Amino acid sequence: MATADVKCRRQVDPKIYSSNISAWRSIYAKEGLRGVFFGWGPTFVGYSFQGAGKYGFYESFKYLYGERLFPNMNKTAVFLGASASAEFLADLALCPFEAIKVRMQTSLPPFAGSLREGWTKVVEKEGIAGLYKGLYPLWGRQIPYTMVKFATFETTVAYIYKTLGKPKESYGKLQQTGVSFLGGYIAGIGCAVISHPADVMVSKLNSDRKGMMWRFCYPVLTTPNS
């Protein structure tokens with residue numbers, strides 16, 4: 001959460017802080033601990049919904065594509081298709097909360113002090129559509145991210161067990177957890193690389209810093225702050 005706050009601010013204004021450390025120091029000095037964790041409400045709610053949808057839909061689509069519709073399809077293709085489909089739907093739940101979070105974290109003074117206040121402001125000024133203005137770049141960030149994450153994780157874990165020479169069931173819970181952690185770590189590196197450009201766009205499109213970035217990206221759909 002603290003890292004996300006700094007990340008969003010630096011993506012919108014690269015000159016605002018010289019480093020993450022200086023950013024945390026500056027925010028803490030001016031706003032206290034609350035400032036470091038500002039925006040936790042929409043983050044918690046949004047990613048809870050998104051996580052539940054992503055993992056739940058992934059297993060459903062993996063079974064649908066791999067077992068029912070395309071039983072002979074390459075497994076990696078099934079992982080990619082299932083993860084893309086799952087993330088597409090999960091982001092519909094995430095997008096409104098991500099929009100509010102980014103506005104809260106990048107606006108000076110803050111766009112809103114809470115999730116409820118931010119939601120009310122956006123809907124009153126722009127309608128429900130205002131909560132989804134960043135949906136396309138969000139898909140551009142999250143769908144490739146999730147495709148790389150699941151496909152790389154599944155492939156890496158399978159490769160590790162193949163290299164070890166024994167089936168997964170022959171190892172204890174602790175050993176299986178270690179393999180999963182290693183697969184997740186490798187997948188995470190790929191995710192970070194492929195999703196970063198779109199992540200910058202999500203922050204900029206949802207930024208409300210003095211209204212300038214909004215008017216630059218959406219000159220027709222937005223109006224200056226009153």
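Modeller: A helix here is a DSSP run of H or I with at least four residues, numbered from the N terminus. By that rule, Glu154 is found in helix 6. This is a predicted model, where local features need pLDDT of at least 70 and side-chain atom pairs count only at pLDDT 80 or more, while totals for chains, interfaces and linings use all residues. Residues are numbered from 1 along each chain as its sequence is written, and side-chain values use heavy atoms, with hydrogens and water left out.

Biologist: What makes helix 3 oblique to helix 6?

Modeller: The angle. Helix 3 (residues 40-69) and helix 6 (residues 135-164) pack at about 55 degrees, their axes 13 Å apart. Axes are lines fitted to C-alpha atoms over the stretch in contact, and angles run from 0 to 180 degrees between N-to-C directions. Under 35 degrees is roughly parallel, over 145 roughly antiparallel, 65 to 115 roughly perpendicular, and the rest oblique. Therefore helix 3 is oblique to helix 6.

Biologist: Which residues make the contact of helix 3 and helix 6?

Modeller: From helix 3 come Tyr47, Gln50, Lys54, Tyr55, Tyr58 and Lys62. Helix 6 supplies Arg141, Gln142, Tyr145, Thr146, Lys149, Phe150 and Glu154. Contact means heavy atoms within 4.5 Å. By class, five of these residues are nonpolar, three polar and five charged.

Biologist: How do you know that Lys62 and Glu154 meet in a salt bridge?

Modeller: Their side chains come to 3.2 Å, N to O. The rule asks for a side-chain nitrogen of Lys or Arg within 4 Å of a carboxyl oxygen of Asp or Glu, so the pair qualifies. Lys62 lies in helix 3 and Glu154 in helix 6, so the pair ties together parts 92 residues apart in sequence.

Biologist: What separates Lys62 and Glu59 in helix 3?

Modeller: About one helical turn, because they are three residues apart. Their side chains also meet in a salt bridge, at 3.7 Å, N to O. Salt bridges that share partners join Glu59, Lys62 and Glu154 into one network.

Biologist: Why is Glu59 called partly exposed?

Modeller: Its relative accessible area is 44%. Buried means under 20%, exposed over 50%, partly exposed in between, with a 1.4 Å probe and protein chains only. So Glu59 is partly exposed.

Biologist: Is Tyr185 counted as buried or exposed?

Modeller: Exposed, because its relative accessibility is 58%. Tyr185 is found in helix 7 (residues 173-206). Its C-alpha is 9.7 Å from that of Lys149, a residue 36 places away in sequence.

Biologist: What does Glu98 form with Arg141?

Modeller: A salt bridge, the closest N and O atoms being 3.2 Å apart. Glu98 lies in helix 4 (residues 75-106) and Arg141 in helix 6, so the pair ties together parts 43 residues apart in sequence. Both Glu98 and Arg141 are buried.

Biologist: How many salt bridges does the count come to?

Modeller: Eight.

Biologist: What makes helix 4 roughly perpendicular to helix 5?

Modeller: The axes of helix 4 and helix 5 (residues 115-126) come within 10 Å and cross at roughly 100 degrees. Therefore helix 4 is roughly perpendicular to helix 5. Helix 4 contributes Pro96, Phe97, Ile100, Arg103 and Met104 to the contact, and helix 5 contributes Leu115, Gly118, Trp119, Val122 and Glu126. By class, that contact has seven nonpolar, one polar and two charged residues.

Biologist: Which residues is Glu154 in contact with, leaving aside neighbours within four places in sequence?

Modeller: Tyr58, Lys62 and Phe79. The C-alpha atoms of Glu154 and Lys75 are separated by 9.3 Å, though 79 residues apart along the chain.

Key:
Helix = DSSP H or I, 4+ residues; strand = E, 2+ residues; numbered from the N terminus. Nonpolar A, V, L, I, M, F, W, Y, C, P; charged D, E, K, R; others polar.
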